Amino acid sequence: MTDSAFLTALELVIGLDADLLAIVGLSLKISLTAVAIAALLAFPMGAALALFRFPGRAPLIVALNALMGLPPVVAGLAVYLLLSRAGPLGSLGLLFTPTAMVVAQVILVLPILAALTRQKVEELHGEYAEQLASIGVSRLRRIPTLLWDARLSLITVVLAGFGRASAEVGAVMIVGGNIDGVTRVMTTAIVLETSKGNLPLALGLGIVLLALVGAINALAHLLGEATRRQLG
Amino acid sequence: MTTYPGSTPANALLSRALLIAGLSLAATSAQAEDRFITLASTTSTQNSGLFDAIIPSFTEDSGIDVRVVAVGTGQAFEIARRGDADSLLVHDTAGEEAFVADGYATERADVMYNDFVLIGPTEDPAGIRDAGSAAEALNLIAEHEAPFASRGDDSGTNRAELRLWESAGVEPGGDWYRELGSGMGATLNTAAGMGAYVMSDRATWVAFDNRQDLELLFEGDEVLFNQYGSLKLSPERHPELKHDLADEWHDWLLSEAGQQAIGDFEVKGQQLFFPNADSE
Amino acid sequence: MTHLTLSVPATAPRLRFDHVSYAPRGQTLLGPLSLNLDGHRRTLVMGPNGAGKSLLMRLAHGLLQPTSGRLVWEGSAPRQAMVFQRPVLLRRSALANLEYALAVQRVPRRQRLERAREALARFGLEALARRPARVLSGGEQQRLALARAWLLSPEVLFLDEPTSALDPAAIRAVEAAIDDFHHQGVRIVMTSHDLHQARRLADEVILLHHGRLVEQSPAATFFDAPVTTEGHAFVHGELLD
């Protein structure tokens, strides 16, 4: 079985199967968009959480950390109810579209990015705080400074978010509907092939997904190493 | 983000990447403006490959694409009830009639049928192979307390299965009766893994590839009849739906062309769905 | 340098410690301490490890708030800068580190590059402008930190053990830079545990021990005839208990 799965994976990749390419493309597009949007929101959020002391900060951090474990299917259900015609945003007609999948994944990824960003920025601020105070850098001004200087660790943070986004199936299945050619992504295709009993194809798709995530991680690692070597 | 020394090149790169991602996503949604309907249907129709076979001919005739969201019948009803699908094709006649009675749909029509079959391990520990009826087969399974995998997901198949147990006079329960809460394919995978009996629609079974020791053990009782129906959803409940396009699909399914396409669909040389629309 | 107005002020800034204590969580680490930092001098704060030298610098620079007592600048607080034992440089080029300090001070963008380059040249770093600050040697990093301090146009410069991790050549460069600051009219307050360095640089010595002021004397007095027995012992390289 495993042999034929590898063969299937190999065939899929070598044959550049058009359906597969479309599915892979959509998976990447959705997860990368979701991670990019989440990062745009989470970086300043996490940094502000690291730098500012305000009432309710501790519960907020605990909540964020807890949300890191939010089951994808719950996020999916929430977005489903939100975007459903009968729901508050139903008139947008976004259910069963890639946009809905992006929204669900943003919700899944945002807490991870924000919580990890807070940790990384707080760590770095421990090192920088006196120097920045001495130069006269305001708290607000420290946000972009620390985010930029933490960029190497933030690459890892983004990868963690991307890993969660590209691996989850519960949310995209519910809000996307696994519609052939429209909202079918790697993970929902794997579920579908599994339920057809076509296990070699399902596993083959899994191997392709793994290879893809691996390649992106390797790329980010090389980028990080190059920057590290350059910046010390 | 404020610009500060040293930050610009990478930031510019990031924002450019975001822009590209956003644009290409927008492009996807723009294409979605084309003529299409969302059809809530069952896993059995999708997993067997029926839609892949018939939708292209409908699209060719009408210029309307049909986007299938395949879920259990219970969930399909819920999706339609909330107004998230334009059309509904399921297999639970009693449920469908109730759906019409409740005012969520204006019309229901028979489209096609196939049948349920009883699947089990080759050695057939309960001996249902020679049972005289479906009720007898289920009684044998219960007597032997042989493992039985139930969908347990309120799908059309699940509802049909529960009705069969009831008419067989057995209240299933105990260790041997396992409610999986899964789709048809996933349930077959699990049944294959634990050597359990399972009731499946014929289409999913024929198209299913991971049979291991499972084989078809009992078929042919008329209580195993499995009717599929198409519903026209109510414009009053959900005026925003694409009722015109959905009606075209509904009518095509019942038309000669649609019925022909359904009858022509075969897997492994076997016809899986039998068109039976009223041709009045 | 032309942009920096570092003329010797008519009155040197004067900082008064008035019964200042620093006791986080009830544990007294410094004080109570009363002393004056005044005159256009180079003051060396000395004492064994744990005497409270760094705390005194941080209190004076405003990085820490005293638990009790007051620190009072006569007149308004002067412009200050501080150089740390291990400089914290941003993960970007040497030049960008300096431009950042100028940006923080709201120096107009078009002036930043020129002034940053001048500061690099002043501290002998012009060849390293584009090098990432974090890969510079310890001595180069400390000079970059001094260049950054220079751009803040300080009237008082605090230095906390600025040479303790450096080799002799780098120490010489840093000490020359400190002299340069002083000649430009900057008040120097610096900690060191190195008696020889203190002899080279100090106009005045403050000796701390167990968080308390032991002696504050002109350098000549301190090194030749310390007033206190602890001062005497310290100058002669004996361990203080």
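Visitor: What do the domain bounds in this predicted model come from?

Guide: Domain bounds come from an automatic or database domain assignment. For chain B that assignment gives domain 1 (36-114 + 225-275) and domain 2 (116-224).

Visitor: How far apart do the C-alpha centres of domain 1 and domain 2 of chain B lie?

Guide: The centres lie 26 Å apart. The contact takes 22 residues from domain 1 of chain B and 20 residues from domain 2 of chain B. On the domain 1 side, α2, α4 (73-81) and β9 (225-233) of chain B each give two or more residues, and α2(B) gives the most, with four. By class, that side has six nonpolar, 14 polar and two charged residues.

Visitor: Why are α3(A) and α5(A) called oblique to each other?

Guide: Helix α3 (residues 57-67) and helix α5 (residues 98-135) of chain A pack at an angle of about 130 degrees. Roughly perpendicular ends at 115 and roughly antiparallel needs over 145, so the pair is oblique. The axes are 8 Å apart, and the crossing is left-handed.

Visitor: What makes residues of α3(A) and α5(A) count as meeting?

Guide: The test is C-beta atoms within 7 Å. Ile61(A), Leu64(A), Asn65(A) and Leu67(A) in α3(A) meet Pro111(A), Ala114(A), Ala115(A) and Arg118(A) in α5(A). This contact has six nonpolar, one polar and one charged residues.

Visitor: How many residues does the contact between chain B and chain A take from each?

Guide: It takes 32 residues from chain B and 26 residues from chain A. On the chain B side, α1(B) gives the most, with six residues.

Notes: Residues are numbered from 1 along each chain as its sequence is written. Chains are lettered from A and ligands numbered from 1 in the order in which they are written. This is a predicted model: local features need pLDDT of at least 70, side-chain atom pairs count only at pLDDT 80 or more; totals for chains, interfaces and linings use all residues. Axes are lines fitted to C-alpha atoms, for helices over the stretch in contact, and angles run from 0 to 180 degrees between N-to-C directions. Angles under 35 degrees count as roughly parallel, over 145 as roughly antiparallel, 65 to 115 as roughly perpendicular and the rest as oblique. A crossing is left-handed if the near helix is turned anticlockwise from the far one by less than a right angle, and right-handed if clockwise. Two residues are in contact if their C-beta atoms, placed from the backbone, lie within 7 Å. Ala, Val, Leu, Ile, Met, Phe, Trp, Tyr, Cys and Pro count as nonpolar, Asp, Glu, Lys and Arg as charged, and the others, Gly among them, as polar.
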